[in-house]
Amino acid sequence: MIPAKLLHRARADVALRARWAVLHGGPRAVLPSRARAGDPLARILLGTGGWGAQYPAFEQIRSRGRAITSRIGIATVDHALCREVLRDRRFATVTPEDVGIPRPLQWVVNHSDPSLPNPVEPPSMLVSEPPDHTRYRQLVARSFTPRAIETLRQRVGELSEELLDRLSGRPTAELISEYATMLPVAVIAEILDLPDDSRDRFIEWGGQAAPLLDIGLRWETFRSAYAGLAGMDDYLRDHFARLRRRPVDNHPFARLAHDGELTERELITNAVLLVGAGFETTVNLIGNGIVLLLRHPAQLDALRRDPSGWANAVEEILRFESPVQMTGRTVTEDLTLADRDLPRGAVVSLLLAGANRDPQVFDRPAEFDVTRPNARDNLAFGTGIHACIGAALARMEASVALPALFERFPDLGLDRPPEPRSNVTLHGYRRLDVRLGDPQRQSVSD
Ligand code: HEM
């Protein structure tokens with residue numbers, strides 16, 4: 001006889017495979033041929049051509065008008081249009097039910113729900129709508145007040161000095177794993193009241209789950225992403241149970257666990273969203289910033305001379321190499337957008353990184369310029385009711401981490417070309433090998 005546990009696991013595996021086949025297998029069968037036929041949206045969604053190849057594809061879309069309709073769907077790189085859609089309540093966030101799946105296949109998706117806390121499925125606030133969205137957001141926002149961020153600023157400052165101390169005196173370092181990841185993951189750990197020794201596990205699970213924002217995943221990637229979700233689910237269940245056994249204190253997430261204002265699934269799903277949204281994005285902001293500044297040494301020198309320019313430099317990094325390249329919205333009623341009649345259920349791809357290079361808004365958009373006067377008009381954090389809840393936090397982390405690194409290592413340089421991540425929506429580097437320069441010239445921490 002087959003043991004019950006094995007049978008359960010086999011059933012779960014079949015259900016997951018069915019879910020993958022509908023959500024990713026279908027698009028995977030169509031996108032490559034559309035990309036070969038020259039469809040710019042298919043090329044962008046697949047990440048064809050590697051680092052930077054999306055920018056000419058954005059321009060191809062721009063040259064065809066404010067929005068394009070291809071066989072894959074509707075897409076725009078128009079700044080004003082992206083902004084308009086994100087702020088228009090007739091557009092809702094996209095869930096698996098919205099991606100134009102025929103009804104019988106929809107049944108497969110609903111009946112193969114592994115009940116794991118998926119950041120791109122409800123009850124994640126990222127894909128919930130009011131009134132649920134409002135409730136989740138208000139409760140989670142307690143961790144993101146200006147006061148909470150100021151407290152974290154000090155922690156980030158100390159931690160970045162600690163991390164830089166560990167690198168001091170060494171000839172080389174790999175800055176994604178040894179620096180850029182460590183700051184945001186520590187911040188998320190503080191926000192969720194996680195023990196320090198859980199960080200490595202969250203780094204691994206977060207990395208596994210990050211591809212879920214992309215379309216047309218390979219089965220192995222999808223399965224590994226769900227393994228990451230399962231790891232976080234198990235851990236966070238125990239963690240919140242531990243917090244409930246502890247006397248209630250002022251920590252916002254500990255209070256959330258005690259109050260019972262969110263169901264267990266709502267609490268854990270939104271915690272997983274914070275892990276993913278919180279460090280899988282900020283690591284890219286810091287990593288992309290390091291590379292851009294090393295490649296523009298005159299601008300880096302100017303920042304070293306006048307550190308008051310750092311806040312604007314962070315905006316320009318967000319604009320120029322946007323850590324979240326795109327999002328999407330679905331149409332909730334028949335409407336007209338940029339002279340196109342869109343039926344209810346149509347999905348619009350909002351290519352934020354393309355909007356951030358819209359020449360109607362940004363002069364010389366393909367030039368990196370940390371003194372750009374309107375760099376802050378970028379849409380890197382979205383806008384409207386789903387605008388990034390962690391925007392101020394991410395800006396703070398980068399504006400502490402980048403100056404601290406460049407101040408400590410005046411001779412910092414790339415040791416070899418940085419290696420891009422394979423993700424499409426999340427845009428950044430997987431490895432960033434640098435030379436730290438002459439130890440005699442490295443400054444010491446106070
Ligand atoms: C450079 C870093 C970051 C970037 C570029 C970024 C980008 C974004 C974008 C574009 C959205 C909107 C998505 C949409 O409208 O469909 C978003 C939402 C969100 N972000 Fe961020 N994010 C960053 C950092 C963070 C951090 C540090 C946190 C938390 C610790 C966070 C938590 C969230 C959450 C919870 C949402 C959903 C908000 C809602 O639906 O109301 N993000 N982010």
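This is a predicted model: local features need pLDDT of at least 70, side-chain atom pairs count only at pLDDT 80 or more; totals for chains, interfaces and linings use all residues.
## Basis of the model

Local features are given where pLDDT is at least 70 and side-chain atom pairs where pLDDT is 80 or more, while totals for chains, interfaces and linings use all residues. Residues are numbered from 1 along each chain as its sequence is written, and side-chain values use heavy atoms, with hydrogens and water left out.

## Surroundings of the ligand

The shell around the ligand holds 28 residues, of which His 133, Arg 137, Thr 327, His 386 and Cys 388 come nearest; a residue is near if one of its heavy atoms lies within 4 Å of the molecule. An N or O atom in the side chain of His 133 is 2.6 Å from an oxygen atom of the ligand. For Thr 327, a side-chain N or O atom is likewise 2.6 Å from a ligand oxygen, and a polar side-chain atom of His 386 lies 2.6 Å from an oxygen atom of the ligand.

Two or more residues of the shell come from each of α6 (132-140), α13 (264-295), β5 (327-331) and α17 (391-408). Helices (H or I, at least four residues) and strands (E, at least two) are DSSP runs numbered from the N terminus. The element that gives the most is α13, with seven residues. By type, the shell comprises 18 nonpolar, eight polar and two charged residues; Ala, Val, Leu, Ile, Met, Phe, Trp, Tyr, Cys and Pro count as nonpolar, Asp, Glu, Lys and Arg as charged, and the others, Gly among them, as polar.

## An enclosed helix

Helix α15 (residues 310-320) is largely enclosed by the rest of the structure, because nine of its eleven residues are buried. Buried means under 20% relative accessible area, exposed over 50%, and partly exposed in between (1.4 Å probe, protein chains only). Among the buried residues of α15 are Trp 310, Glu 315 and Phe 320. The buried residues of this helix pack against α3 (54-63), α13, α14 (297-305) and α17, where contact means heavy atoms within 4.5 Å.

## Salt bridges

The structure holds 31 salt bridges, each a side-chain nitrogen of Lys or Arg within 4 Å of a carboxyl oxygen of Asp or Glu. One of them joins Arg 421 and Glu 280, with the closest N and O atoms 2.6 Å apart. Arg 421 lies in the loop between β10 (419-420) and β11 (429-431) and Glu 280 in helix α13, so the pair ties together parts 141 residues apart in sequence. Arg 421 is buried at 15% relative accessible area, and Glu 280 is buried at 6%.

Arg 376 and Glu 315 also meet in a salt bridge (3.7 Å, N to O). Arg 376 is exposed, with a relative accessible area of 53%, whereas Glu 315 is buried at 3%. Salt bridges with shared partners join Asp 132, Arg 135 and Glu 266 into one network.

## Backbone features and a buried charge

Most residues other than glycine have a negative phi, and most peptide bonds are trans. The bond from Pro 122 to Pro 123 is cis, with omega near 5°, and a cis bond with omega of about 5° joins Pro 130 and Pro 131. Asp 193, which is not a glycine, has a positive phi of about 60°.

Asp 39 lies in the loop between α1 (4-36) and α2 (40-46). Asp 39 is buried yet has no salt bridge, and the nearest side chain of opposite charge, that of Arg 34, is 4.3 Å away; Lys and Arg count as positive and Asp and Glu as negative, with His and the chain ends not counted.

Terms used. A polar contact is a pair of N or O atoms within 3.5 Å; within protein, one must be able to donate a hydrogen and the other to accept it, and residues adjacent in sequence count only if both atoms are side-chain atoms.
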